[in-house]
Amino acid sequence: MEVLIRIKEVKHAIKREQRGFACPVCLKTLKTTSTFKIHVNDLHEGTMQIFNAKSLNVKRKSEFSSPTLKLPKVCSKDEIKTAIDTLKENDILTNDLATIAAMSAMGSDTIDQQRLLLMTEMMNAHPIALTSTDKRQYYLLGSSSTIKELASSQPSVNFIIPLLQQNTITENVIGKKNLLDYIISNSPLSRLLKNEIYWEINQETLEMANHDWRTNPQSRYGVSQLFAGCILLDGTNALLVNCIETYGRKKDVDPHAERYSKGEQYNSLPACDDIYESVCTRSIYNDESNKLIIGTFSCNMLITSSCTIEENPKISVGPSTNSFQPSKQTRIYLHEKSIKKARLLLKEDKCDRLYTYDLLEQVKQIRSKFYRTETYSRCRCSSEYTKGHIYQPYTVFTLFFYDSNQTEDSAAKRASEIFNRIATEVHTSTKHDRRPVLNKNTLEWFIGKSGDIADIVNCIARLFETSDEIEIIGNMKLDEQLKLLAKLCSTPIKTANDTVIGRLVQKLILNCD
């Protein structure tokens with residue numbers, strides 16, 4: 001049986017196949033003439049009539065714009081299973097199964113597979129198998145002429161994803177950044193990033209990242225700003241860096257400088273086989289954390305907040321990053337806004353902070369060396385997308401600001417208040433050229449309290465003896481107690497950082513400002 005349908009002034013002759021009538025517009029299959037007529041009338045506002053094809057003359061048949069649609073063969077579950085096994089054994093699939101594989105539809109139901117086969121037939125697209133040097137197989141679709149040319153010439157290929165918008169990409173990044181543009185456009189972060197300008201690191205920015213800290217102390221601030229909001233790209237894996245903090249290479253400029261006693265595989269120094277001559281990206285397991293680090297010859301930068309750029313983004317907050325594995329070929333793209341701000345900071349000889357607000361959020365997430373002035377440097381920088389203290393990873397200095405559901409402050413939050421006061425005192429006293437001191441009344445909350453944190457605070461209280469204040473810088477006894485106190489704050493900080501992840505999901509992924 002055949003039927004005549006007219007949709008938007010276009011006539012179609014549709015022949016009933018075993019499974020029913022296939023709609024030429026939406027490819028839906030209807031079993032009976034009555035359901036097909038309702039479908040054409042209601043969904044497509046068309047008309048339909050039943051006719052006998054044999055009664056039509058050649059002239060009448062030529063009035064119809066499209067040939068009779070014939071549904072392609074449906075692949076059974078056994079055929080699909082055989083095809084998957086064939087893929088594993090590196091054998092070539094049959095034409096229909098190769099088409100399904102090219103459309104990544106091996107796991108789809110038979111209806112969807114049939115629609116895909118019908119679409120490719122209408123587009124005159126044909127499959128071809130590509131076998132890589134490591135014997136992996138990929139199936140692609142193309143026109144008949146292209147497929148024949150590839151099969152005949154067997155070229156050595158280099159795959160490049162086409163640009164989405166040629167006119168918005170500057171000439172010197174065409175061919176390098178199109179993959180990143182594609183990854184961004186297919187991620188929930190596209191609304192956030194699509195209008196931002198990123199530049200791959202070049203000779204100028206390499207030099208900006210490699211000033212000696214002794215003669216250029218402002219570098220600790222400028223370099224943090226330079227890499228804040230950067231994007232790391234390794235293969236098809238991309239990572240947005242939301243927060244980063246810098247550490248000097250040598251102990252005299254930074255008490256938390258990287259240790260090199262464990263061997264070359266544990267350090268973040270650039271190597272001769274890295275993609276850039278003086279910047280690299282490393283993942284180093286240290287202090288029970290997988291630390292993602294960007295290294296230069298003058299400093300290394302710990303990434304403390306990040307988000308993968310993919311269909312289902314993963315956010316990391318804190319010292320450990322498990323969602324991105326770098327290599328020596330990891331590319332770095334710098335945010336243009338960060339580059340401009342970094343240039344200004346690097347010109348300020350007396351620079352002592354990154355910005356005028358959230359001063360304690362700029363102090364690094366350290367847990368030792370509280371007797372050194374450099375420990376309190378405000379050189380932790382957030383990206384343009386995560387400004388504001390509620391989007392920052394918590395530290396021993398800022399846990400006091402955490403809004404928990406508890407009606408009373410916990411001992412950990414009150415311990416953070418002590419660190420908070422210490423850092424503020426160091427900053428203030430440095431500005432007024434006096435030695436920073438800790439006042440005994442800072443510990444008042446813990447009087448009469450019990451527990452591990454209270455016990456340590458009581459030990460600190462005994463350091464005062466008969467005085468009302470003790471010095472902070474150079475005080476090794478105080479440092480020993482503060483290290484113990486900081487360690488006990490680790491778990492509460494991790495709990496607080498989980499709330500930051502929730503906020504970043506709302507801001508970055510769900511796009512709810």
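These legends walk through several close-up views of one predicted model.

**A few notes before the views.** Residues are numbered from 1 along each chain as its sequence is written, and side-chain values use heavy atoms, with hydrogens and water left out. Because this is a predicted model, local features need pLDDT of at least 70 and side-chain atom pairs count only at pLDDT 80 or more, while totals for chains, interfaces and linings use all residues.

View 1. The chain's secondary structure comes to 15 helices and 18 strands. Helices (H or I, at least four residues) and strands (E, at least two) are DSSP runs, numbered from the N terminus. Buried residues make up 47% of the 513 residues; buried means under 20% relative accessible area, exposed over 50%, and partly exposed in between, with a 1.4 Å probe and protein chains only. Among contacts (heavy atoms within 4.5 Å) with a separation of 6 or more, 64% join residues 24 or more positions apart.

**View 2. Here is the largest nonpolar core.** A nonpolar core is a set of buried Ala, Val, Leu, Ile, Met, Phe, Trp, Tyr and Cys residues joined through side-chain atoms within 4.5 Å. The largest one has 62 residues, and those with the most contacts inside it are Leu 193, Ile 231, Ile 309, Tyr 376, Phe 397 and Leu 485. Helix α12 (residues 411-431) gives the largest share of this core, seven residues. Why does this core lie between domain 3 and domain 4? Domain 3 (184-347) and domain 4 (387-509) both give residues to the core, so it lies between them; the domain bounds come from an automatic or database domain assignment. Apart from this core lies another, of 35 residues, including Trp 213, Tyr 221, Tyr 276 and Cys 381.

**View 3. Now look around Phe 397.** Not counting residues up to four places away in sequence, Phe 397 touches Leu 360, Val 363, Lys 364, Ile 366, Phe 370, Tyr 376, Ser 416, Phe 419, Asn 420 and Ala 423.

View 4. Is Thr 375 buried or exposed? With a relative accessible area of 2%, Thr 375 is buried, whereas Lys 369, with 26%, is partly exposed. Leaving out residues up to four places away in sequence, Thr 375 touches Pro 255, His 256, Val 363, Ile 366, Ser 368, Lys 369 and Phe 370. Lys 369 also has a positive phi, near 60 degrees, in a residue other than glycine.

**View 5. Two cysteines are picked out here.** A disulfide is a pair of cysteine sulfur atoms within 2.5 Å, and a search of the whole structure finds zero of them. Cys 379 is in no disulfide, and the nearest cysteine sulfur, that of Cys 299, is 9.3 Å away. Cys 379 counts as buried because its relative accessibility is 0%. Cys 230 is buried as well, at 0% relative accessibility.

View 6. Strand β11 (residues 279-286) and strand β12 (residues 289-296) pair in the antiparallel sense over eight bridges; two strands pair if DSSP finds at least two bridges between them. Ile 284 stands opposite Lys 291 in β12. The hairpin has two residues between the strands, and Asp 287 takes a positive phi near 55 degrees.

**View 7. Helix α4 and the residue beyond.** In helix α4 (residues 95-102), the buried residues include Leu 97, Ala 98, Thr 99, Ile 100 and Ala 101. Just after α4, Ser 104 takes a positive phi of about 55 degrees.

**View 8. Ala 461 sits in helix α13.** Helix α13 spans residues 452-462 and holds Ala 461, which counts as partly exposed at 22% relative accessibility. Ala 461 is in contact with Lys 440 and Leu 443, leaving aside its neighbours within four places in sequence. Ala 461 and Ile 447 are 14 residues apart in sequence and 9.6 Å apart in space, C-alpha to C-alpha.

**View 9. Asp 433 lies in a loop.** Asp 433 is found between α12 and β17 (437-439). Asp 433 counts as exposed, at 72% relative accessibility, and its phi is near 55 degrees, a positive value in a residue other than glycine.
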